[in-house]
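Thanks for coming, everyone. I would like to walk you through one model this morning, going from a backbone detail to the domains, the helix packing and finally the ligand site.

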Amino acid sequence: MNKNVLVLGAGVAGLQAALSLKELGYRVTILEKSSSAGGHLKDWDKLYPGNISSSGLIDNLISALDGTDILYNTTVTRSEKSDNGFITEISSGEKIDSGAIVIASGFSLFDARIKEEYGYGIYRRVITNADLEALFRSKEIHKMEMPAKVGFVHCVGSRDEKVCNRHCSKICCMTAVKQACEIKEIWPHADVYCFYMDLRMFGRGYEDLYYEAQSKFGVNFIRGRVSEAGEDKDGKVVVKAEDTLTSRPLKITLDLLVLMSGMVRNTDNKTISDVFGIPTGEDGFFFQPSPLINPTSSDSSGIYFAGSATGPKTVAESINEARAAALAVHKFLSKD
Ligand code: SF4
């Protein structure tokens, strides 16, 4: 049996898949295109539910993986099947022999500048969910002057035919409500508004968070899509929307506007797809032949998926899927 497994991606799914494989007795090599592990989570502050430290979660995984090779700044260039699995060439020119491959390439955050009407990259007071997490994480937020009004725009780059993303990103309603509550904890007297199309608080406890946001923190939820954001002479953000529950147009001046950028396919999926000959769907996420019964299986024997490589996932789902991918690899490599 070839006991080497190659994992693409050192985000939470790749790290967890590698750890589960290591615990099952496999030698794992992780390839990571950037210079550090942790993916998007290394830049995040707290995770819901449980207010878990995002970087703490990643640090624990990395420390449990002690002795596992993580090759940074490394991508795949070629791969071919061998009698014993795969021979994969990487960007350094080295060839890696493995019995199976786990693709945990994760996702990219939608580039909010594409939605020009919201003014990201143009107006100083328009930021993204990721920017806000960075402010929480660095504690820089505590040095800011209290904003009188803060707005959150849901579904930025998701559920939007205009940017060719029909899918729901799944996590951003929950993230917006979590961040709105955190803003109110820091500045209890700020008015906070969430502009949503419909709220998708689907997980256990998520509805309670939504309830708490209203009853404890007084967050205002306005059903309606923001049509545009502009800047007034004082540098504040003027938002136009329609409250679709009352059918009334709205114009609100905000001190801070947070755009909930959604999850889109990793920009590297095309290369990975070409190298391994596995297809992606129209949305650019990897195609799962059997998403209900075997969500970690690709249509190529010996190649498995973990995490958001196949579509938006929560952290918990990514971790569970990574464990499932490790078991699928174990079953595949044990069958001979
Ligand atoms: S989770 Fe909410 S904010 Fe995110 S895309 Fe879905 S509906 Fe929009």
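This is a predicted model: local features need pLDDT of at least 70, side-chain atom pairs count only at pLDDT 80 or more; totals for chains, interfaces and linings use all residues.

Let me begin with N73, which is found in the loop between strand 5 (69-71) and strand 6 (76-82), where strands (E, at least two residues) and helices (H or I, at least four) are DSSP runs numbered from the N terminus. Residues are numbered from 1 along each chain as its sequence is written.

For context, most residues other than glycine have a negative phi, and most peptide bonds are trans.

Turning to the domains, the assignment for the chain, whose bounds come from an automatic or database domain assignment, gives domain 1 (4-106 + 266-334) and domain 2 (112-263). The centres of domain 1 and domain 2, taken over C-alpha atoms, are separated by 31 Å. Ten residues of domain 1 are in contact with 15 residues of domain 2, contact meaning that the C-beta atoms of two residues, placed from the backbone, lie within 7 Å. The side of domain 1 that touches domain 2 has four nonpolar, three polar and three charged residues; here Ala, Val, Leu, Ile, Met, Phe, Trp, Tyr, Cys and Pro count as nonpolar, Asp, Glu, Lys and Arg as charged, and the others, Gly among them, as polar.

Next, the helix packing. Helix 1 (residues 12-23) and helix 2 (residues 54-64) pack at an angle of about 30°, with axes 10 Å apart, the axes being lines fitted to C-alpha atoms over the stretch in contact, and the angles running from 0 to 180 degrees between N-to-C directions. In this pair, V12, L15, Q16 and L19 of helix 1 meet L57, I58, L61, I62 and A64 of helix 2, a contact with eight nonpolar, one polar and no charged residues.

Helix 1 also packs against helix 7 (residues 315-334), at an angle of about 40° and with the axes 8 Å apart. On the helix 1 side this contact includes V12 and Q16, and on the helix 7 side it includes V315 and V329; its residues divide into ten nonpolar, three polar and two charged.

Helix 3 (residues 129-138) and helix 4 pack at an angle of about 40°, with their axes 11 Å apart. N129, L132 and F136 in helix 3 meet C172, T175, Q179 and E182 in helix 4, and the residues of this contact divide into three nonpolar, three polar and one charged.

Which residues surround the ligand? They are H154, C155, S158, R159, C168, S169, K170, C172, C173, R200, M260 and G262, a residue being near a molecule if its C-beta atom, placed from the backbone, lies within 6 Å of it. Strand 12 (149-156) and helix 4 (172-186) each supply at least two residues of this shell, whose residues divide into five nonpolar, four polar and three charged.
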